Amino acid sequence: MVKHYLILIGFVFIGLILAQNTKPEANSEMEEIYVTTEDIVSDIIFPIIDKRVIIEHGGDNHLIWHWKRIVGITYNENHSYDVTVRIDIPSKKPTGNVKEDLVKVRIYPSCDSEKINKQICNHEFKLEILEYKHISQ
């Protein structure tokens, strides 16, 4: 008799476990975030600036710098853009001054469209630092 109750309880227990199986729901709603053109440009050129800042200020991969603002954007006839950015590099010492640098980056967008003149634009996507200036010492 006890065996019958244990078997019955076992089946009920297995049935309850299988009944609790839930399917995860995919959340198809994207959270809308407000971004500016400067945010997009920053995301594109951040890696190349980061590598150059590390070279310019001592080669420390943990060097923290801050994007201050875009100073200017120029369109070139070869379908490229020159973006000049002002950045701050905090001092490693608590009482040190913040260093300010100016970085000029050339962005070559891809010329994969047939609508773009191939004689003027014949490059793939590429980033290049044109100029790096230490504004403050």
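**Grounds for the assignments**

Reply: In this predicted model, a nonpolar surface patch with about 480 Å² of accessible area together is formed by Ile33, Val35, Ile40, Ile44 and Phe125.

Me: Why is Ile33 called exposed?

Reply: The relative accessible area of Ile33 is 63%. Exposed means over 50%, so Ile33 is classed as exposed. Ile33 is located in the loop between α1 (2-19) and α2 (37-56).

Me: What makes Arg52 and Glu56 a salt bridge?

Reply: The closest N and O atoms of Arg52 and Glu56 are 3.0 Å apart. The cut-off is within 4 Å, so the pair qualifies as a salt bridge. Arg52 and Glu56 are 4 residues apart in helix α2, which means a separation of about one helical turn.

Me: Why is Arg52 counted as partly exposed?

Reply: Arg52 has 25% relative accessibility. Buried requires under 20% and exposed over 50%, so Arg52 falls in between.

Me: Why does Glu100 count as buried?

Reply: Its relative accessibility is 17%; the limit for buried is under 20%, and therefore Glu100 is buried. Glu100 forms a salt bridge with Arg86, with the closest N and O atoms 3.4 Å apart. This pair links distant parts of the chain, Glu100 being in strand β3 and Arg86 in strand β2, 14 residues apart. Lys68, Arg86 and Glu100 are linked in a network of salt bridges.

Me: How do you know that β3 and β4 pair?

Reply: Pairing needs at least two bridges; β3 (residues 99-108) and β4 have 8, in the antiparallel sense, so they are paired. Tyr108 stands opposite Lys126 in β4.

Definitions and conventions:
Residues are numbered from 1 along each chain as its sequence is written. This is a predicted model: local features need pLDDT of at least 70, side-chain atom pairs count only at pLDDT 80 or more; totals for chains, interfaces and linings use all residues. Side-chain values use heavy atoms; hydrogens and water are left out. Patches are made of residues with over 30% relative accessible area and no salt bridge: like charges are joined within 9 Å, nonpolar side chains (Val, Leu, Ile, Met, Phe, Trp, Tyr) within 5 Å. Accessible areas come from the Shrake-Rupley method with a 1.4 Å probe; for residues, only the protein chains shown count as cover. A salt bridge is a side-chain nitrogen of Lys or Arg within 4 Å of a carboxyl oxygen of Asp or Glu. Buried means under 20% relative accessible area, exposed over 50%, partly exposed in between (1.4 Å probe, protein chains only).
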